[in-house]
Structures are given as C-alpha cells and as structure tokens.
Amino acid sequence: MKREEFIKAVSSKLKLIRTEYGITQEAMSEMLGISKKTLVETEKGRRELSWTEVIAVASVFEKSEVLQGIMGGDSGDVIHALAFEDRHIQYPPTMGGKVWWRVIDEKNGIRLQQNYVTGHYRLLDENDCRLISSFDRSEVEEYRDSLGRK
C-alpha cells in the first residue's frame with residue numbers, strides 16, 4: 001500500500017468510522033482538529049484528508065473495526081511503514097523506565113512495565129527498545145507471549 005492509497009482508503013471510510021463511534025460531525029471535527037466543513041467535504045467525497053489528518057484519524061480511532069478492516073489490523077504499523085518507507089531507522093532506546101515506569105515482570109530479557117502517571121503498559125527488549133504500548137495489559141501480554149519467550 002502506498003501513502004496515496006492509505007489516504008484514499010481512510011478518507012473514503014471517514015463517515016463510516018464516525019458512525020461506528022456514534023459521534024456527530026461537530027464532535028469528530030473537534031477531535032481531529034479540522035473544521036466541520038473539511039469533515040463534511042471529505043465525507044461527501046469532495047476532498048481527501050491530508051497525510052497529517054489521516055494520521056490523526058488513525059491515532060484517535062485506532063480501535064475502529066472499520067479502520068482495522070482497511071489496514072488488515074493495527075493502523076499504527078501501516079503508518080510507521082509508510083512514514084519510514086525507504087528509510088532504514090533504528091528506534092532509539094528508551095531510558096529503560098528508570099523514572100516513569102514500574103516493572104511488573106520480566107521474562108527472558110523482556111520487561112513488562114506500567115507507567116506511573118498514565119497507567120499504560122509497554123514491553124521493552126533487552127536493549128530497552130519498545131516493542132509495544134497499550135492501555136490494555138492483556139494485549140501487551142499476548143504480544144509478549146506471541147514472541148515465544150516465556
């Protein structure tokens with residue numbers, strides 16, 4: 001999938017995503033930081049969202065079944081793949097959770113941590129690189145278990 005295809009796909013399903021969440025055009029436009037006019041024009045197919053607007057939709061509505069259906073799962077993975085396309089990057093290591101994080105458990109060098117402030121969870125590998133973050137502990141644990149490291 002190319003960036004243009006991603007933008008077109010999300011733009012074309014914007015109204016469906018909004019109705020899936022049961023929110024008004026006013027509420028959605030406010031949540032996304034766009035005008036109601038922009039939202040209406042996009043829902044009517046008169047314009048497409050910009051790259052940054054699509055990222056906002058994918059971030060705010062990441063649990064949308066409509067969005068997951070377009071992307072074949074987690075839209076964050078698609079965003080990262082498109083954003084870093086043709087660029088080889090190395091995610092910087094974290095500080096290892098020395099300040100904001102408590103370690104819940106550690107198995108084979110993989111640490112499950114919870115943020116003291118927000119309560120969300122993450123996994124860090126043995127190099128302190130983030131593998132996954134979520135407010136759903138079971139999702140993080142399932143991901144860890146899928147790595148085959150117990």
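Here are a few worked exercises on the predicted model above.

Before you start: residues are numbered from 1 along each chain as its sequence is written. Since the model is predicted, local features need pLDDT of at least 70, side-chain atom pairs count only at pLDDT 80 or more, totals for chains, interfaces and linings use all residues, and side-chain values use heavy atoms, with hydrogens and water left out.

**Exercise 1. Work out the strand order of the open sheet, and find which strands stand at the edges.**

Step 1: Strands (E, at least two residues) and helices (H or I, at least four) are DSSP runs, numbered from the N terminus. Two strands pair if DSSP finds at least two bridges between them.

Step 2: Read off the order. The four strands run β1-β2-β3-β4, with antiparallel pairing.

Step 3: Look at the ends. β1 (101-107) and β4 (130-134) each have a single partner strand, so one side of each has no neighbour in the sheet.

Step 4: Neighbouring strands are turned by 20° against each other on average, direction ignored; the axes here are lines fitted to C-alpha atoms, for helices over the stretch in contact, and angles run from 0 to 180 degrees between N-to-C directions.

**Exercise 2. Trace the hairpin of β3 and β4, and say what phi Asp128 takes.**

Step 1: Count the bridges. Strand β3 (residues 121-124) is joined to β4 by four of them, and the two run antiparallel.

Step 2: Tyr121 sits opposite Ser134, while Leu124 has Arg130 as its bridge partner.

Step 3: Five residues lie between the strands, and Asp128 has a positive phi near 65°. As background, most residues other than glycine have a negative phi.

Step 4: Is Asp128 buried or exposed? Asp128 counts as buried because its relative accessibility is 18%. The cut-offs: buried is under 20% relative accessible area, exposed is over 50%, and partly exposed is in between (1.4 Å probe, protein chains only).

Step 5: Compare with Asn108. This residue, in the loop between β1 and β2, isn't a glycine either, yet has a positive phi of about 50°. At 53% relative accessibility, Asn108 counts as exposed.

**Exercise 3. Describe the surroundings of Ile132.**

Step 1: Ile132 is in strand β4.

Step 2: Judge its burial. Relative accessibility is 15%, so Ile132 counts as buried.

Step 3: List its neighbours. Leaving out residues up to four places away in sequence, Ile132 touches Tyr121, Arg122, Leu123, Glu139, Val140 and Tyr143, where contact means heavy atoms within 4.5 Å.

Step 4: Ile132 and Val66 are 66 residues apart in sequence and 22 Å apart in space, C-alpha to C-alpha.

**Exercise 4. Find what covers the buried residues of helix α4.**

Step 1: Pick out the buried residues. In α4 (residues 36-43), they're Thr38, Leu39, Val40, Thr42 and Glu43.

Step 2: Look for the cover. This includes α1 (3-12), α2 (14-21), α3 (25-32) and α5 (51-60).

Step 3: Step past the helix. Gly45 follows α4, with a positive phi near 80°.
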